[in-house]
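Open the model in your viewer and keep the sequence panel in reach. The stops below tell you what to select and what is there.

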Amino acid sequence: MKNLINITKTFSLATVLIIMLGFTFNSNAQLVNPGFETGDITGWTAAGFSEASTGVTYNAWIVNPADNYMGRIIPPGGPARAGAEILLNLTAGALVAHNNGLFSSTTNFSVIYQDVLLAAGESVTMYWNFISTDYAPFNDGCFASFTGPGHQEIHVLSVTSNAYGDPNAIVVGDYGSSGWYPITLTAPAAGLYRVGFSGFNISDQILDPWVMLDNAPGGTSAPGEPIVTTVAVTSIFPPTAMSGGNVATGLNTPPITARGIVWNTTGVPTLADNFTVDGSGFGAFVSQLTGLVADQTYYVRAYATNSVDTYYGGQVSFSTGTPLVPLSDWAIYLGILLMITFVVIRFKRMM
């Protein structure tokens, strides 16, 4: 009985170590359903029209999700400016104070948000894509918001024709699409934060802007362009790593003569940087990055070339300093090893 008690204590101690290590190394914040892969907006709260979409086509633009689904929000049925500010936990008048030229003539908004508990310095990243179904001077657009304990941020992401001084806003033009872009929001202090996105109409409510959301970059295609998607980077063992992509046909897309990935250390890589050539034609492909060094951040995009131009997928980044296996998994493996070691030592002493 005494030996059984000792063994039980040993297993208990090892279990505690596993739990402690797991909590120590796995403290990153998690949004619920960030890729909308439940097929609905579970985990999110929305106002206006909202859905989980498998892909959309507008005015010959084609936008596809990274995996099976992406979120989509449109203003019909959504609140006016004051109501949107309330839903996003923004202070009254915050939007006009941020950019009077842009927000003073808004009519109605689409809103989607989620609350997440963050430690100081923790971040959440989402990808967005804006389609303007309108034309100037109906300067519809979209923005992200981030509010928490004594803190609020407003980021104008994209507009139809005029950003009124917002330097990072993408102007898409009449009936244009922004393509997929990431936004990372970082908590300055520990607390409960609201991550929000919104699309808005200006001056009328006849043609509504579309905002798509996902946890990774999907594909975007204009008429005659292929839909290029970048695959996340895996097997990171400098000097090599694995990535790839997928090339799907758009409307009247000429044949693909070359495809592969491009990468660099500064962002927005092109064929002027490092690249691979992984065959031709439509479909999925696998690529190997080479010449990588340790403790370096790299930026990767898939590309496809046809007789018209070269087209790029969304950008993904990775660090060669980050282990391939998540730290939480290493913690479990270490805990199991410690448990086995403790059991063997105690068993030998009891013999």
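Is Phe275 buried, partly exposed or exposed? Select Phe275: its relative accessibility is 42%, so it counts as partly exposed. Buried means under 20% relative accessible area, exposed over 50%, and partly exposed in between, with a 1.4 Å probe and protein chains only.

Before moving on, note that this is a predicted model, where local features need pLDDT of at least 70, side-chain atom pairs count only at pLDDT 80 or more, and totals for chains, interfaces and linings use all residues. Residues are numbered from 1 along each chain as its sequence is written, and side-chain values use heavy atoms, with hydrogens and water left out.

**Stop 1: around Phe275.** Phe275 sits in strand β19, residues 274-275. Strands (E, at least two residues) are DSSP runs, numbered from the N terminus. With Phe275 they make a nonpolar surface patch of about 260 Å² accessible area together. Areas come from the Shrake-Rupley method with a 1.4 Å probe, and only the protein chains shown count as cover for residues. Nonpolar side chains (Val, Leu, Ile, Met, Phe, Trp, Tyr) are joined within 5 Å, like charges within 9 Å.

**Stop 2: Gly244.** Select Gly244 in strand β17, residues 240-248. Gly244 counts as buried because its relative accessibility is 0%. Its contacts (heavy atoms within 4.5 Å), not counting residues up to four places away in sequence, include Val231, Ile261 and Ala302. Val231 is 13 residues from Gly244 in sequence, yet 5.2 Å away in space, C-alpha to C-alpha.

**Stop 3: strand β21.** Two of those contacts lead here: Ile261 has Ala302 in β21 as its bridge partner. Color β21, residues 297-306: eight of its ten residues are buried. Two strands pair if DSSP finds at least two bridges between them. Strand β18 (residues 256-264) runs antiparallel to β21, joined by eight bridges. Strand β23 (residues 316-319) pairs antiparallel with β21 over four bridges. Look for Tyr298 with Phe318 as its partner in β23. Strand β22 (residues 310-312) forms a hairpin with β21, with three residues between them. Here Ala304 faces Tyr311.

**Stop 4: an open sheet.** Select β3, β4 and β14. These three strands form an open, antiparallel sheet in the order β3-β4-β14. β3 (56-58) and β14 (219-221) are the edge strands, each pairing on one side only. Finish on Ile62, which stands opposite Ser221 in β14.

Notes: Patches are made of residues with over 30% relative accessible area and no salt bridge: like charges are joined within 9 Å, nonpolar side chains (Val, Leu, Ile, Met, Phe, Trp, Tyr) within 5 Å. A salt bridge is a side-chain nitrogen of Lys or Arg within 4 Å of a carboxyl oxygen of Asp or Glu.
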